[in-house]
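Please open the model in your viewer and keep the sequence panel beside it. The stops below say what to select next and what is there.

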Amino acid sequence: MSSMECCIDFLSCIDADTCMKILKSLDDPADLVRLSCVSKSSRNYVISNGLCKQLCLRMFPQLSRVDHVVELNENGAKEQMEAGSSYSMEWLGLVREHRIYSYLARASTSSVAMNCIAKTLGASSTDNFPQESIDNTLEPRDTIAERFFYWSSSGQSNPNVPETLTYELTSQICVVTEINIQPFQADFQLGSPIYSAKYVRFKMGHPITSLDPSADEKFVWTYTSPEFPMAQENRLQKFKLPEPVLCIGGILQIELLGRVQRQEMDDLFYICISYVQIVGCSLSPAFSVEILEPSRMFVLKSDQLARSQPLLTSEEESGAISSDHMQHVGLRDFPHIVNILHEHVIGVEEHDWDEYEVDDFEEEYAL
């Protein structure tokens with residue numbers, strides 16, 4: 001008797017409850033895909049019990065708000081299923097969900113992490129706009145052309161007044177693993193104070209589709225992190241989330257809680273941030289979402305053509321991060337390069353810092 005003839009499908013050797021407990025303990029999507037390739041019966045078992053979907057729900061509880069899934073064909077249109085019996089239609093729906101959720105699990109664990117910030121949306125306050133705007137937090141360097149780059153809150157006498165920084169991510173659906181923040185150190189002030197916060201907290205969600213532009217609430221938050229203590233140190237501080245989070249809607253807000261540094265000039269508390277980095281991976285263009293109002297559930301859309309494209313590999317990581325960095329740096333530097341060239345063209349004299357009085361220097365660089 002050959003070895004192939006001796007093979008036994010283990011699913012048929014144990015009871016259904018034990019089998020389900022074993023399979024639900026698998027946390028690697030590749031294991032479920034391999035199991036579905038063992039035999040026709042194992043494939044049917046994985047699909048009919050929605051094991052890939054259940055794994056995704058354990059990985060990302062945010063998927064509990066999925067109303068239904070849609071598969072787009074090569075032309076970007078909704079894939080139409082041929083008419084048939086109710087059983088065959090139900091089975092085709094389960095097969096479609098299996099394809100979508102198995103690829104979602106694989107993409108979310110295999111894609112290379114990178115900075116997911118697309119642009120800034122706003123800050124709760126800004127001391128001097130636009131010189132100290134939130135846009136400055138996209139620049140990893142503290143200074144460019146002898147100018148300091150940072151965001152500064154307005155001053156407060158109450159150190160407990162919070163601040164927020166809101167960002168739009170690179171796609172509607174991203175997996176976020178950590179947020180890195182560097183407080184700003186004011187070397188131009190006496191004692192080089194660091195204007196950090198006491199704690200940080202993160203929210204993720206999507207914009208509210210409202211007909212009233214004056215509505216106070218602009219976003220729906222589907223995830224709120226625990227609070228993380230922030231050190232009063234001038235370094236890029238990493239805040240790793242307890243578990244990777246699926247950001248549905250592409251909006252992330254940083255809450256800065258508590259102020260630790262008072263400015264000597266006006267005796268007010270400030271928070272200043274020089275750089276923000278949101279680390280994760282975008283699941284676009286393979287996936288997109290459509291928010292359903294007023295239920296705030298969403299449709300998970302999967303593009304067949306995009307799924308067929310290879311995922312970014314680790315060998316390409318440095319190039320991708322470099323490209324992302326250069327895009328932000330290039331846009332941020334352009335006006336400053338123009339200003340520098342303009343000064344040389346018209347012959348503006350460079351000032352000698354020794355000519356300034358100390359009081360004038362502190363007034364110019366007050367937060």
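A residue is called buried here when its relative accessible area is under 20%, exposed when it is over 50%, and partly exposed in between, using a 1.4 Å probe and protein chains only. This is a predicted model, in which local features need a pLDDT of at least 70 and side-chain atom pairs count only at pLDDT 80 or more, while totals for chains, interfaces and linings use all residues. Residues are numbered from 1 along each chain as its sequence is written, and side-chain values use heavy atoms, with hydrogens and water left out.

Of its 367 residues, 41% count as buried.

Next, select H68, which is found in strand β1 (residues 66–72). Because its relative accessibility is 34%, H68 counts as partly exposed. Leaving aside residues up to four places away in sequence, H68 touches F298, V299 and L300, where contact means heavy atoms within 4.5 Å. The C-alpha atoms of H68 and V299 are 5.4 Å apart, although 231 residues separate the two along the chain.

Now show strand β18 (residues 297–303), where five of the seven residues are buried, so the strand is largely enclosed by the rest of the structure. β18 pairs with β1 in the parallel sense over six bridges, and L72 stands opposite D303 in β18; two strands pair if DSSP finds at least two bridges between them. Strand β17 (residues 287–292) also pairs with β18, in the antiparallel sense and over six bridges, with F298 as the bridge partner of I291. In the hairpin of β17 and β18, four residues lie between the strands, and R296 takes a positive phi near 65 degrees.

Finally, turn to the rings, of which the structure holds eleven aromatic pairs. Rings of Phe, Tyr and Trp (its six-membered ring) pair if their centres lie within 6.5 Å, with planes under 30 degrees apart counted as stacked, over 60 as edge-to-face and the rest as tilted. Select Y195 and Y270, whose ring centres are 6.4 Å apart and whose planes stand at 90 degrees, so the pair is edge-to-face. This pair links distant parts of the chain, 75 residues apart, with Y195 in the loop between β8 (173–183) and β9 (197–207) and Y270 in strand β15 (residues 268–270). Both Y195 and Y270 are buried.

Conventions. Helices (H or I, at least four residues) and strands (E, at least two) are DSSP runs, numbered from the N terminus.
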